[in-house]
Amino acid sequence: MTSVKAKKHLGQHFLTDKNIAQKIVNSLVHTEKYKKVLEVGPGMGVLSDFLLQKTDYETYLIDIDTESFEYLHKQYPSLGDKLINADFLALNFRDIFLEPFAIIGNFPYNISSQILFKILENRNQVPEVVGMFQKEVAERCVAKAGSKEYGILSVFLQAYYKCEYLFTVKAGVFNPPPKVLSAVIRLSRNEVQALDCNEKLFWQVVKAGFNQRRKTLSNALAGIITKDKQNDEEVWTLRAERLTVKDFVDLTNLISSLVS
């Protein structure tokens, strides 16, 4: 087998530029926080080649594509059980890793948001993420309050990670070329072990606020706290996109105090 055919239903666009591949791998900078790295969707191993040259961590590869798995098994026979043929979204991280590990990849664009939410669910085990995303998704991850890109993903990621936009990648360095620009971002786990509020309610408030982002929070959150229980604070007159992570924490605490 000399190559793997990119499969549209898996959202595969194989990176072909080795300089960019090396740049992505070198963007893992917090290696003192982990000794293992998991590459998601390695395809034909363009990132894997550079990852496996590193000596400060062990590299694991996971790909749902059986053809990629077979190709990589022949390319890297010494990997053994560090090469995993499975669905990343269905993976129980603790079946593979008992300690912190980093995640890297040229992520399939059709499931990129699901990948990020999977990482968020396991945030205390994943201190660093470096990933290639559709540029639009990358911009949402790092967007600041008040911008049109700012949304649910922005708030949740920035609650627990420092989010950095590293560089833009043109379509011509992929096979097949995607119809969009791509971008690489880095997520570095911050010091927040738990938010200073009811975290379950926080997630509900953020989702409800942005699901009706054109409405004021008074209307958007009426399903969580009825208007007759809302007070005269200015926050109720604002839209969700105006609130920072801290503002959402404060709003969550306000709601808790008003409904208790």
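Student: How much space lies in the largest pocket?

Tutor: Rolling a probe the size of a water molecule over the atoms shows where empty space is left. This is a predicted model, and in it the largest pocket holds about 590 Å³ of space.

Student: Which residues lie nearest the centre of the largest pocket?

Tutor: The lining counts 36 residues, and those nearest the centre are Phe 14, Gly 41, Pro 42, Gly 43 and Asp 63. Two or more lining residues come from each of strand E1 (14-15), strand E2 (36-40), helix H2 (46-51) and helix H3 (66-75). H2 gives the most, with three residues.

Student: How many residues of that lining are nonpolar, polar or charged?

Tutor: The lining of the largest pocket has 19 nonpolar residues, twelve polar ones and five charged ones.

Student: Now the sheet. In what order do the strands stand?

Tutor: Strands of a sheet pair through backbone hydrogen bonds, either parallel or antiparallel. Here seven strands make an open sheet with mixed pairing, and the order is E4-E3-E2-E5-E6-E9-E7. Strand E4 (83-84) and strand E7 (161-169) are the edge strands, each pairing on one side only.

Student: How many bridges join E2 to E3, and how many join E2 to E5?

Tutor: E2 and E3 run parallel and are joined by five bridges. In that pairing, Lys 36 stands opposite Glu 58 of E3. E2 also runs parallel to strand E5 (residues 102-106), with three bridges between them. Leu 38 has Ile 103 of E5 as its bridge partner.

Student: Why is E3 called largely enclosed by the rest of the structure?

Tutor: A residue counts as buried when its relative accessible area is under 20%. Strand E3 (residues 58-62) has four of its five residues buried, so the rest of the structure largely encloses it.

Student: Which strands does helix H1 lie across?

Tutor: Helix H1 (residues 18-25) lies across E5, strand E6 (128-134), E7 and strand E9 (182-189). H1 runs at about 170° to E7. Helix H5 (residues 112-121) also lies across E5, E6, E7 and E9, and its angle to E6 is about 165°.

Student: How many residues of helix H7 are buried?

Tutor: Helix H7 (residues 152-160) is mostly covered, with nine of its nine residues buried. Among them are Ile 152, Leu 153, Phe 156 and Tyr 160.

Student: What covers the buried residues of H7?

Tutor: The cover includes the helices H5, H6 (135-142), H8 (199-211) and H10 (245-259), along with E7 and E9.

Technical notes: Residues numbered from 1 in each chain as written. Predicted model: local features only at pLDDT ≥ 70, side-chain atom pairs only at ≥ 80, totals over all residues. Heavy atoms only, no water. 1 Å grid on protein atoms, 1.4 Å probe; cavity = no way out; pocket = protein on both sides within 12 Å on 5 of 7 lines; lining within 4 Å. Points joined across faces, edges and corners; volume = space filled by probe spheres on them. Nonpolar A, V, L, I, M, F, W, Y, C, P; charged D, E, K, R; others polar. Pairing = 2+ DSSP bridges. Contact = heavy atoms within 4.5 Å. Axes fitted to C-alpha atoms, helices over the stretch in contact; angles between N-to-C directions. Buried < 20%, exposed > 50% of the residue type's maximum accessible area, 1.4 Å probe, protein only.
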